[in-house]
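Good morning, and thank you for coming. Please keep the sequence and the structure in view while I speak.

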Amino acid sequence: MAVIDVKDLQKVYRTKTKEPGLRGSMQALLRPSYSEVTAVKGISLAVEKGELLAFIGPNGAGKSTTIKMLTGILTPTAGTAQVLGLVPWEARRQLAYKIGSVFGQKSQLWYHLPALDSFRLLGSIYEIDGGEFAKRLAQVVELFELEEFIKTPVRKLSLGQRMRCEIAASILHRPQVIFLDEPTIGLDVVAKLKIRELIKRLNEEEQTTIFLTSHDAGDIEQLCKRVIVINYGEIILDASTSYLRHNYLTTKIVNVKFASPCPELKLSGVEILKHTEKGVKFRADTRSRSMEDVLTELFSQVDAADISVEEPAMEVIIRDIYARPAGEGEQHAAG
Amino acid sequence: MPVPPGKVSSMQLARGGAVRKYLRVAEISLTNRLAYLADHLVSSIFLILILFIFSQLWKTVLGTEGQIAGLDSTRMLWYMVFTEVIALSTPGTHSLVSEEVKSGDIAYKLVRPYSYILYYFSSHCGEYAVRFVTNLLVGSAFAYLAMGPLAVPWAKLGWVLLGLALAAAINFLVSFSVALLAFWLEENRPFFWILNKMLFIFGGLFIPVEAYPQGLRLVSYLLPLRYSISGPALLVVNFDYAFLWQLLAGQLVWVLLLAALVTAMFRKGVRRVHVHGG
């Protein structure tokens, strides 16, 4: 049974418009005019229990509006949705006990106090019994490895540690569904990997359904089995992550810093973007040649001191989805 | 037995969890404020400065015999200790709420299982308690050294504390209602400025409103501000049962009226968030 069931969900915002200048301001005061913006254009989707779903799209695509409707903050203009059998905007308070949410840079922790104080507060807010809270806290501290810094004021934590605490705070009440909006934004590589590992463990060990939005293609590739791409309020792709990987996450930008100078380099099947004695930057398309092949050829000529691989930006993936409609088989494009 | 994910056991609800959550908010707000205690003590210098100026003024104007509204120079200064302590201890909850409404961040609070108004009221109370105690210690120390002791009505302390608690509630509700104007107005700061100036006059910040000319006194009797500043301060320095009943009755009426207003404003405003996203 689907834990999230959405049918033809639509959201139209009415926003005030104003002509420039003083005259425009006076007009807006006396005769305000409005324009309508359709943020979400009748989307339908279903998420099964225990799924780890990526819900992605560029800024202004309708991701946050959709999450706000699914958490009961926003009332849709049309369509229906049920989360854990409840209509979110009709039973927001009741639903709040069953879901968790982490909204990117909106902290739910008290900045000058240790995370433990915020956890205790949330335990009371979610009305968790004292003994049960102690047990749950111990579980969460172990799962997220918080022991070392749980008593340190939040302001003194690194961004990665803080985000671990944010996610931990949102699961204290054992939510069945958790909405993670950009949980890795601004994190360095190591912290990102840690957060991804923890999200995966949370999904596997507690069977929590995870609804994840992110701009980072790495989050999606490494965490999710299914991905929904939304743009201009419409779902343009609802497919497995492996399908996305093989069809749209094929272009990689590779940066290599040489251990010793290498004035000449021959690499076939890639586009060299920059080459100096100290390093090379090239674009590879994994559909024409596997990354393993490319790197084998490269390492036969040079010793690498450092290497980094950039995923295509979300905007590029979306451009590709529009340019190349989805193929056959289990995957399908929507919209 | 562990409760299954997402389930709230009847046991949890039966143990007064709803009340406990707001007490915990007040507690964490109080603890959080203690982290700023040093800053707060430094800012108390402002209180000492005001009290110093007025101690000189009352000594000169009232001398040893003069009175204002039945208060001699010593009790006038002590009156001001309490009005200033009440005014200066009121936290900036209104700015926080105002910003949350304007930025749309209020939406993120609405996904939590608590009443937004009670959450901020509890938080306000926690912070107010710390500010009140520190300001009162500083102000009392100065007044004691400058003008001598106050005959504290210790036996009636419970009534005094009740008056002060209701005053804090009125202050919260008045400023919260102005903060909620942000749902409809792009800029509500001028209203805070006006409110602040009205507190000076109709709240009786410097002189008890009982000493005002009849017209001005009548206006201040019709507004809630007198019940949140002047009234409780006067009760401390000049305790009288007749005045106590009048004060408590007025405070209760205003708490009920303002709570109804704030609830109505919040419901109407939050509907805009649900429809327009803030």
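Chain A contains 11 helices and 13 strands. Please bear in mind throughout that this is a predicted model. The C-alpha trace of chain A extends over about 65 × 55 × 50 Å along its principal axes. Chain A has 335 residues, of which 41% count as buried. If we take the contacts in chain A between residues at least 6 apart in sequence, 71% of them join residues at least 24 apart.

Let me turn to the strands. Chain A has an open sheet of three strands, ordered β2-β1-β4, and the pairing is antiparallel. Its edge strands are β2 (33–48) and β4 (78–83) of chain A, each of which pairs on one side only. From one strand to the next, the twist averages 25 degrees. Within this sheet, 13 bridges connect β1(A) and β2(A) in the antiparallel sense.

Next, two backbone angles. Which residue in the loop between β4 and α3 of chain A deserves attention? The residue is A:Leu84, located in that loop, and its phi is near 50 degrees, a positive value in a residue other than glycine. A:Glu145 also has a phi near 50 degrees, again positive in a residue other than glycine. A:Glu145 belongs to the loop between α5 (130–143) and α6 (159–171) of chain A.

Are these residues buried or exposed? A:Leu84 has 21 other C-beta atoms within 10 Å and is therefore buried, the threshold being 20 or more. A:Glu145 has 15 C-beta neighbours inside 10 Å, so A:Glu145 counts as partly exposed.

I now come to the contact between the chains. How many residues does each chain bring to the contact? Chain A provides 36 residues and chain B provides 30 residues. On the side of chain A that touches chain B, at least two residues each come from β1 (2–17), α2 (63–70), α3 (92–96), β5 (99–103) and α4 (115–125) of chain A. Of these, α4(A) gives the most, with five residues. Sorted by class, this side of chain A has 15 nonpolar, eight polar and 13 charged residues.

Finally, a helix pair in chain B. Two packed helices are described by the angle between their axes and the distance between the axes. For helix α9 (residues 157–180) of chain B and helix α13 (residues 230–237) of chain B, the axes come within 9 Å and cross at roughly 165 degrees. Because the cut-off for this class is an angle over 145 degrees, α9(B) is roughly antiparallel to α13(B). The crossing of α9(B) past α13(B) is left-handed.

Which residues of the two helices meet? From α9(B) they are B:Val160, B:Gly163, B:Leu164 and B:Ala167, and from α13(B) they are B:Gly231, B:Pro232, B:Leu235 and B:Val236. The residues in this contact of α9(B) with α13(B) comprise six nonpolar, two polar and no charged.

Thank you for your attention.

Methods
Residues numbered from 1 in each chain as written. Chains lettered and ligands numbered in written order. Predicted model: local features only at pLDDT ≥ 70, side-chain atom pairs only at ≥ 80, totals over all residues. Axes fitted to C-alpha atoms, helices over the stretch in contact; angles between N-to-C directions. Helix = DSSP H or I, 4+ residues; strand = E, 2+ residues; numbered from the N terminus. Parallel < 35°, antiparallel > 145°, perpendicular 65-115°, else oblique. Left-handed = near helix turned anticlockwise from the far one by under 90°. Contact = placed C-beta atoms within 7 Å. Nonpolar A, V, L, I, M, F, W, Y, C, P; charged D, E, K, R; others polar. Pairing = 2+ DSSP bridges. Buried ≥ 20, exposed ≤ 12 C-beta atoms within 10 Å, placed from the backbone.
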